[in-house]
Amino acid sequence: MRLILAGGGTAGHINPALAIAGYVREQQPDAEILYIGNKGGMEERLVPQAGFAFKSVSVQGFRRKISFKAMKENIVTIHKAVSAAKEAEKLIAAFKPDVCIGTGGYVSGPVLKAGAKLGIPILIHEQNAYPGITNKMLAGKAARVMLAMPAAREHFKGHCRFVDTGNPVRGEILRQNKVSARKQLGLDSRPVILSFGGSLGADNINKALADVIARSAADGRYQHIHAYGQYGKWFPDLLREKGADLQKADNLDIREYIHDMPVCLAAADVVVARAGAMTLSEIQVQGKPSILIPSPNVAENHQYHNAMALVRNRAALMIEEKDLTPEKLTDAIDSLAGDRAKLEEYARNAKKMAICNASERIYAIIQEVMAEHQQGRNDG
């Protein structure tokens, strides 16, 4: 099997592509895999670290604001798109893939367009409940549109061959269990709250959580694991200002980044987080009730739509950032963590939404499309 993957810009596009590549390699160790990403994007670092061949093209997104500066930048964007398509066509022609898969981000556009132009079957994987513009534009050319959330179907136009696959989730997440995770972390039977706002951190989430964490430092009600992120180094000082003694409060685990997320997630009773697609898939696989605070700074407000998919299924509570206050977040945490029946109901509902074999489904679709393409060539 010869496979090209394209996706970039954010970890939400890169990690699914790497998960697909990793599973393909497990099934076929001799598979040839090439990842095409954006020059200067985080994929340029992450993909080689994961052990896959990487080539780059240079693309950027359109500016939607109406201004002279935006117009100038959009002219550059168009020029880059044309150049990237030509470069992608050369890379694809040289590699001769059986299939091209795009997981979203601007770089997927020129790569999948070039693949389709060369007669290579293309597949799209959409992680979110509200699809990105690149995937919507390319869907009509795709042999399959693979969806993580069925709700995304209504946002595509024209004829598309949809299949529900879920998001491919890391094996470490699938394998962890609550009992062993709590033992590993030295946690007791009190409710465990896991909270984070992404690797960089989210100021508003940090500020809203400070009161409930400081309260637990005083009364020991909850055990907290909280990651304040790269830009939240001020957070421990804020907790101290609120009277929390981080040296004495052994029920608090306050850190910049969570390196052992599979273990921490398995140990949690309630998760407080953004509503990125991969985060939600991991929450669902582990069957965790959650309080979701969608980022308002994402394309098409897609995190709101992601969160609503869980809210409608009574698997999560949601607080929009414009409504976020320490009081509302504290009340939401108490309403879940303090109500065992509700906690169990939300956990069951989250687990029901999970697709635990997404990688296997995607791999089967790749093989199916390859067989269809070969049959078409034979018939032709």
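Two residues are said to be in contact when heavy atoms of theirs lie within 4.5 Å. By that rule, in the protein chain shown here, residues 24 or more positions apart account for 65% of the contacts with a separation of 6 or more. The structure is a predicted model, in which local features need a pLDDT of at least 70 and side-chain atom pairs count only at pLDDT 80 or more, while totals for chains, interfaces and linings use all residues. Residues are numbered from 1 along each chain as its sequence is written, and side-chain values use heavy atoms, with hydrogens and water left out.

We can begin with the chain as a whole. The protein chain holds 15 helices and 13 strands, where helices (H or I, at least four residues) and strands (E, at least two) are DSSP runs numbered from the N terminus. Its C-alpha trace spans about 75 × 50 × 35 Å along the principal axes. The radius of gyration, taken over C-alpha atoms, is compared with a globule rule of 2.2 Å times the number of residues to the power 0.38; for 380 residues a compact globule would have a value near 21 Å, and the 22 Å of the protein chain agrees with this.

Of the 380 residues, 52% count as buried, a word that means under 20% relative accessible area, whereas exposed means over 50% and partly exposed lies in between (1.4 Å probe, protein chains only).

Strands count as paired if DSSP finds at least two bridges between them, and β11 is joined by three bridges to β8 (residues 192–196), with the two running parallel. Here L194 stands opposite V271. Three bridges also join β11 to β12 (residues 290–292), again in parallel, and in β12 the bridge partner of V272 is I291.

Helix α11 takes up residues 277–286, and because nine of its 10 residues are buried, this helix is largely enclosed by the rest of the structure. Among the buried residues are A277, M278, L280 and E282. Just after α11, G287 takes a positive phi of about 65 degrees.

Which residues other than glycine also show a positive phi? One of them is K96, with a phi of about 55 degrees, and another is R314, with a phi near 50 degrees. These cases deserve a look, since most residues other than glycine have a negative phi. K96 is found in the loop between α3 (68–95) and β4 (99–102), and is exposed, with a relative accessible area of 58%. R314 lies in the loop between α12 (302–312) and β13 (316–318), and at 39% relative accessibility R314 counts as partly exposed.

Two further residues complete the tour. N38 sits in strand β2 (residues 32–38) and, at 17% relative accessibility, counts as buried; leaving aside residues up to four places away in sequence, N38 touches E43, F54, S56, V57, S58, V59 and V107. A341, by contrast, belongs to helix α14 (residues 340–353) and is exposed, with a relative accessible area of 54%. The C-alpha atom of A341 is separated by 13 Å from that of V270, a residue 71 places away along the chain.
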